[in-house]
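I opened the model to look at helix packing, the ligand shell, the strands and the domains. My entries follow in the order in which I looked.

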Amino acid sequence: MNPRYDVCIIGGGAAGLACAASIDRGIRSCILEKNEILGRKILATGGGRCNLTNAGCPGAPATLDFFALRGLETYRDPEGRYYPYSQCAADVVRILADSIDKTYCDIMTSAEVSKLSRGKEGFLVEFGRAKGRGTREANTILADAVVIASGGKAGPQFGTTGDGYRLAKGLGHQVSRLYPILTGIECGDFSDLKGIRALGRVSLYRDGVKIGEEEGQIQFTADGISGICVFNLTPLIRAEDGERPADAMKRYQLSLDLAPDFTEDQVRSRRSAFGIVTGPLADRLDPERIKDWRLPVLGIKGWKEAQCTGGGVILDEIDPGTQESLLVPGLYLAGEILDAQGPCGGYNLQNAWETGIRAARAINERAINERAKNF
Ligand SMILES: Cc1cc2nc3c(=O)[nH]c(=O)nc-3n(C[C@H](O)[C@H](O)[C@H](O)COP(=O)(O)OP(=O)(O)OC[C@H]3O[C@@H](n4cnc5c(N)ncnc54)[C@H](O)[C@@H]3O)c2cc1C
C-alpha cells in the first residue's frame, strides 16, 4: 500500500522549506527533494551569505519576524538588503530544517518527482529512489494536498531543471515563455578587460528608445558585462513569441556611462580617461566616449549563470490569498515556478518564503476545517 500524507511538498528549497516549517503540528507531511541535501541553492545565494529579503519588499517585516522567531538574527546593509547576522547562508538552511517538526514530516532527499496526477484517492506522486525515512521501498505516495515548490530553470546545477513546469502543465496549468534573467550580457570580445570593475550607469535601448537604466558596479567579463546593475536589466531583454533570439538581440543596444559624476565638458577637456577609469579601460576608450560607450547586445548568459527564471506558471490560475490552484483543488504552487520575478537584492527569496508560508497557512486552515467537519 502506498504511504499517505496530508500534504506532499515537492522541492526542499526556499519555498518548500518555508512551507514545511510553517505547517502545524499534527498534519502529516513529507518533503521530496531531488538533491542529496536540502536547500542547495540557498547555500549559493548572496555569494554564500544569503540576501534573504529587502527593505523595499512589503513582506520583508513578516519574513524578518519569521526568521527571528526561529532564532536567526539579521542585519541590513546600506542598500536595504538583509542577510543573516552570521553572514552564512548555511545557517538559513539549518534554521529552516530545524524548524520542521520531524515527528510529522518525513524528509526524503535524492527523491526526484517524475509524475504527479490526481485521482479519486487524492494526488499520486511518483519519484525516483529516495534516501531517508518514510518510503525506502515505495516510490509512490498518496497525498490529500500537494505543494509544487520545485523552483524554476535558473541554476540547473542546483537541481532546478524546470521539472515543476511539466508537473503543473500535466494538471492543466499554463506556463508562459521561460527565459533566463538576472545574468550577464554578452557584448563583444572583452578578453583584455576581463576582471576589471568600474562604477557607472548602464542604459538599455530597444529600437533606439531607452527602456531601462541602472547604476552600480559594472564588472567586465571575457565577452561582456556583469554585476547587479547589469543583471537587473536582463528581464527587459527578450525575444517576442516566434522571434529568433539572435534577431531579437539586434534590437537592443547598451550605453555605458563610466563617469556618471562628471559632466560632458569635464571629461572632454581631459587628455585621457585614465584616472577616472582604470588603465586597460582607458586604453580602449577615448574621453569622448567615456560617458556614452555604445555596445551591441549580442546575447545574454544562459540558464547556468542566471539567478532567476523569467516567465512561469501564470498567476491568473492561482489564488493570490492561498497559493492554491484555481484549476485543481488541493494543489498549491510556491516560489520561482510562478510567473513573478523581482530584481536582485533579496526580492526572489522573499517571494519564495512568502508564497511557501502562505500555502502552509492555507493548508493549516484546511486541516482545521476538515477536523471540524469530522468532529
Ligand atoms: C547563484 C544564485 C544566487 C542567488 N542569490 C539570491 C539572493 O541573494 N537573494 C535572492 O532573493 N535570490 C537569490 N537567488 C534567487 C533565489 O535563490 C531563487 O529565486 C529561490 O531560491 C527560489 O526558491 P524556490 O523554492 O522556488 O526554488 P529553489 O530554492 O531553487 O528550490 C527548488 C528545489 O526543488 C528541487 N527540485 C526540482 N525539481 C525537483 C523534482 N522533480 N523532484 C524533487 N525536487 C525537485 C530542487 O532540487 C530545489 O532544491 C539566487 C539564485 C542563484 C542561482
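I began with helix 1 and helix 4 (residues 89–99), and their crossing is left-handed. I call a crossing left-handed if the near helix is turned anticlockwise from the far one by less than a right angle, and right-handed if clockwise. Helix 1 and helix 4 pack at about 35°, and their axes lie 8 Å apart. Axes here are lines fitted to C-alpha atoms, for helices over the stretch in contact, and angles run from 0 to 180 degrees between N-to-C directions. Helices (H or I, at least four residues) and strands (E, at least two) are DSSP runs, numbered from the N terminus.

Helix 1 brings Leu17, Ala18 and Ala21 to this contact, and helix 4 brings Leu96, Ala97 and Ser99. Two residues are in contact if their C-beta atoms, placed from the backbone, lie within 7 Å. I sorted the contact of helix 1 with helix 4 by class and got five nonpolar, one polar and no charged residues. For the classes, Ala, Val, Leu, Ile, Met, Phe, Trp, Tyr, Cys and Pro count as nonpolar, Asp, Glu, Lys and Arg as charged, and the others, Gly among them, as polar.

Two notes on the source. The model is predicted: local features need pLDDT of at least 70, side-chain atom pairs count only at pLDDT 80 or more, and totals for chains, interfaces and linings use all residues. Residues are numbered from 1 along each chain as its sequence is written.

Next I looked at helix 1 against helix 10, where the angle is about 35° and the axes are 7 Å apart. This crossing is right-handed. On the helix 1 side the contact includes Ala14, Ala18 and Ser22, and on the helix 10 side Leu349, Trp353 and Arg361 are among the residues. The contact of helix 1 with helix 10 divides into 10 nonpolar, four polar and one charged.

Which helices supply the shell around the ligand? Helix 1 (14–22), helix 2 (40–44) and helix 10 (347–374) each give at least two residues to it. I found 39 residues around the ligand, with Gly11, Gly13, Gly151, Gly159 and Gly335 the closest. A residue counts as near if its C-beta atom, placed from the backbone, lies within 6 Å of the molecule. The shell has 15 nonpolar, 17 polar and seven charged residues.

I then turned to the strands. Strand 12 (residues 197–206) and strand 13 (residues 209–221) run antiparallel, joined by 10 bridges. Two strands pair if DSSP finds at least two bridges between them. Gly200 has Gly216 of strand 13 as its bridge partner. The hairpin of strand 12 and strand 13 has two residues between the strands, and Asp207 there takes a positive phi near 50°. Strand 13 also pairs antiparallel with strand 14 (residues 224–226), over three bridges. Gln219 is opposite Ser226 in strand 14.

An open sheet of three strands has the order 3-5-4, paired antiparallel. Strand 3 (53–54) and strand 4 (74–76) are at the edges with a single partner strand each, so one side of each lacks a neighbour in the sheet. Strand 4 is joined to strand 5 (residues 81–84) by three bridges, and Arg76 stands opposite Tyr82 in strand 5.

Last, I checked the domains. The assignment gives domain 1 (4–179 + 309–374) and domain 2 (184–301), with bounds from an automatic or database domain assignment. Their C-alpha centres lie 36 Å apart. Six residues from domain 1 and six residues from domain 2 make the contact.
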